[in-house]
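Open the model in your viewer and keep the sequence panel beside it. The stops below say what to select next and what is there.

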Amino acid sequence: MVAVVLYAFLMNLRTTVISLTALPISVLITVLVFKHFGLSINTMTLGGLAIAIGELVDDALVGVENVLRRLKQDREYGKAHGVHLNPLAVIARATLEVRSAIVVATTIIVLVLVPLFVLPGIEGRLFTPLGDRLHRLDPGEHGGVGHPDPGDGVLPAAAHEGTRSRRHARAGLAESALRAGAGVGPAAAAAGAGGCGSCRAGGRGHGPVLRARRSCPPFNEGTLTLIGLRLNPGTTLAESVRIAQTAEKALLAIPEVTYVGRRSGRAELDEHAEGVHVSELDVGLARSARTMDEINADIRKALAPLPAAISIGQPLSHRIDHMLTGVRTAIAIKVFGDDLDTLRSQAEALRARLADIEGVADLEVEKQVLTPQIKVRIDYDAAAQYGLSPGRLLAELQTLIDGQKVTQIVEGNRRFDLVLRLPEEARGIEGLRNLMIDTPGGRVPLSLLAAVEEGDGPNQISRDDGRRRIVIMANAQGRALSSVVTDIRATVADMPLPAGYFITVGGQFEAQEEASRLIGLLSLLVAAAVFMILYSRYRSGVLAAIIMANVPLALVGSVIGLWIAHQPLSVAALVGFITLSGIAIRNGILKVSHYINLCAFENESFGDTMIVRGSIERLTPVLMTALVAALALAPLLFEADQPGTEILHPVAVVIFGGLISSTLLDSFITPVMFRLFGRAPLERLLAQSGKEAF
């Protein structure tokens with residue numbers, strides 16, 4: 001698609017091929033850099049390539065288009081006056097004319113990507129390869145164009161002198177210049193509205209989709225892991241299997257479900273060890289016109305009659321949740337305190353309050369129940385009378401009851417631990433009372449040294465940072481995660497607690513909040529650095545501000561694009577904003593630099609004529625670069641539901657929408673702002689710079 005667009009604009013095979021050399025050269029350099037640093041080719045780096053394809057040829061396009069335009073002017077001048085310049089001299093002059101602007105623009109594009117390299121946590125692992133790919137691929141300026149025939153392409157023919165569209169464009173720009181002040185106000189209002197729309201987050205109710213904010217876009221892994229067929233601890237394996245089989249049959253009745261696999265319990269040495277009262281169901285899903293929320297709603301409805309707590313997620317998503325909070329749901333509300341009974345009662349009271357919040361799904365309290373136990377309480381005085389230390393007695397009881405590995409048996413490739421312990425019948429309450437213990441005074445029954453009695457106790461005691469806690473787990477469905485979390489935090493704040501008890505709310509949104517704060521801070525620092533680069537180049541804060549005004553203009557289209565695509569404002573969208581800002585600033589640099597060069601080298605004076613001419617001459621490269629970049633995003637725009645693409649889809653939406661608005665608005669607003677505020681800094685710059693090209 002990039003090649004077709006270039007040929008349609010340039011209508012010259014040689015110049016098209018020369019422009020396209022930016023692609024293989026940049027990719028090959030990237031491969032070498034990746035090999036040197038041990039980086040991998042993965043979904044995110046390939047996505048970065050897809051996003052960068054349009055940008056890769058931009059600088060080459062600008063250089064090639066300027067050379068072709070200068071060759072065409074020289075040809076027309078030669079026909080009129082019979083004098084031609086050396087083509088190599090024309091090419092060198094045209095290349096030098098835009099080289100400085102290209103170098104500055106490329107430097108800024110690299111600079112604005114810096115925040116991607118310091119993102120923390122999951123966002124950093126996901127989006128750093130994207131930024132790395134964009135960094136490595138930026139080609140800068142690529143060589144000359146030889147001696148092409150400076151013919152006119154099909155598309156730029158619309159910009160030729162005398163054509164209707166050229167006259168309309170010139171008339172529109174002239175009208176904008178004459179009524180300069182009229183266009184700035186609406187543009188500023190649109191940019192402000194776009195900024196406000198992008199910054200609105202959280203909030204109650206459903207409202208506009210841009211209120212919703214999340215860490216990463218929802219994964220589409222093609223399967224579900226239902227971790228949450230959670231029965232009460234102590235449930236037998238046979239009962240757990242029976243209930244899980246009932247769940248399997250219910251799931252297979254859902255049209256999208258293709259298969260169901262099950263695990264009941266996990267081994268003790270597993271990182272995610274669980275008792276047999278917990279079953280995990282792996283569910284394969286076929287592609288469907290229905291959304292995941294609709295399918296999940298059917299799943300919850302089908303499993304609702306079962307006497308089990310249900311949570312729905314995907315394999316990778318669950319692992320991320322478990323890594324962030326220790327539980328496998330998107331939201332984890334932890335109640336901390338000392339007394340287990342108080343913890344359980346407070347957790348149940350809070351669960352009842354949270355159940356009334358709209359959008360809360362899979363709400364459950366961590367299973368902490370009392371289970372039957374045999375308790376052995378040592379009589380320290382009696383043990384001392386028999387000359388037996390409590391520590392020695394406890395160690396012997398632990399060996400006899402829990403067992404001790406004494407050796408390993410090898411049978412071919414199979415290995416078994418040989419464990420020594422009491423038989424099952426001897427580990428009952430009567431067997432333990434009659435257990436004979438060796439003492440310095442002879443063997444005595446355990447009943448003389450300790451009280452052996454039946455009782456109950458918690459099935460587990462969980463701690464975070466040394467404090468006992470119990471967790472209330474939940475997911476969000478039908479509402480933005482941030483909106484649900486806002487309501488949860490309000491409910492928690494109103495929850496009365498005994499002295500010494502407190503509640504924390506954690507989950508995916510914490511990573512999003514941290515990443516958003518960091519991106520915001522770094523973006524301000526990068527914006528300041530970009531301003532300083534532009535100021536040092538143009539020696540004017542006004543000109544630097546005119547160029548940077550392209551960023552909010554691009555923001556308008558990005559916000560509209562997110563709204564149309566029903567995409568929440570996620571960290572992925574912020575990454576798109578970062579990438580887009582570099583592209584938008586480049587367009588402003590090339591246009592302002594051309595205004596300056598017209599006055600410096602072509603005897604143009606500041607005024608409407610110069611501004612209209614400069615804008616028209618920059619129209620073709622701006623349209624080419626925007627169209628090439630937009631079409632290169634097609635694989636990410638139209639495959640939003642494919643696994644792997646869903647993470648980069650918001651990035652593509654932001655860039656695509658921003659390209660449209662920045663191209664349209666920049667074509668009229670930048671000339672207007674330069675007409676209003678550019679005279680004084682232009683005259684000062686020309687007086688100081690001499691014959692230096694901008």
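Buried means under 20% relative accessible area, exposed means over 50%, and partly exposed lies in between (1.4 Å probe, protein chains only). This is a predicted model, in which local features need pLDDT of at least 70 and side-chain atom pairs count only at pLDDT 80 or more, while totals for chains, interfaces and linings use all residues. Residues are numbered from 1 along each chain as its sequence is written, and side-chain values use heavy atoms, with hydrogens and water left out.

**Positive phi**

Select aspartate 362. Its relative accessible area is 9%, so aspartate 362 is buried. The residue sits in strand 6 (residues 360-365). Helices (H or I, at least four residues) and strands (E, at least two) are DSSP runs, numbered from the N terminus. Check the backbone: phi of aspartate 362 is near 55°, positive in a residue other than glycine. Most residues other than glycine have a negative phi.

Now jump to arginine 539. Here too phi is positive, about 55°, and the residue is not a glycine. Arginine 539 lies in the loop between helix 18 (508-538) and helix 19 (541-548). With a relative accessible area of 33%, arginine 539 is partly exposed.

**A hairpin**

Select residues 404-411, strand 8, and residues 414-420, strand 9. The two strands run antiparallel and are joined by seven bridges. Two strands pair if DSSP finds at least two bridges between them. Glutamate 411 has arginine 414 of strand 9 as its bridge partner. Two residues separate the strands of this hairpin, and glycine 412 in the turn has a positive phi of about 65°.

Go to helix 2 (residues 13-20) and show Thr15, Thr16, Ser19 and Leu20, which are buried. They cover an arc of only 135° around the axis, so they lie on the same side of helix 2. The arc is that of the directions from the helix axis to the C-beta atoms. What covers these residues? The cover includes helix 1 (2-10), helix 3 (22-37) and helix 5 (58-81). Contact here means heavy atoms within 4.5 Å.

Next, helix 10 (residues 237-252). Its 16 residues reach 22 Å from first C-alpha to last, close to the 22 Å expected at 1.5 Å a residue. The expected span is 1.5 Å times one less than the number of residues. Colour Ser240, Ile243, Ala244, Ala247, Glu248 and Leu251, the buried residues of helix 10. Down the axis they fall within an arc of 150°, so they line one face of the helix. An α-helix has 3.6 residues a turn, so residues three or four places apart point the same way. On the face turned away from the buried side, find the exposed residues Ala238 and Lys249.

**Salt bridges**

How many salt bridges does a search of the whole structure find? The search finds 27. A salt bridge is a side-chain nitrogen of Lys or Arg within 4 Å of a carboxyl oxygen of Asp or Glu.

- Arginine 469 and glutamate 366: the closest N and O atoms are 3.1 Å apart. Arginine 469 lies in strand 14 (residues 467-476) and glutamate 366 in the loop between strand 6 and strand 7 (370-378), so the pair ties together parts 103 residues apart in sequence. Both residues are buried.
- Arginine 290 and aspartate 298: the closest N and O atoms are 2.6 Å apart. Arginine 290 is partly exposed at 28% relative accessibility, and aspartate 298 is partly exposed at 29%.
- Arginine 427 and glutamate 424: the closest N and O atoms are 2.9 Å apart. Arginine 427 is partly exposed at 22%, whereas glutamate 424 is exposed at 58%.

Last stop: select Arg70, Glu97, Glu602, Glu604, Arg613 and Glu617, which salt bridges with shared partners join into one network.
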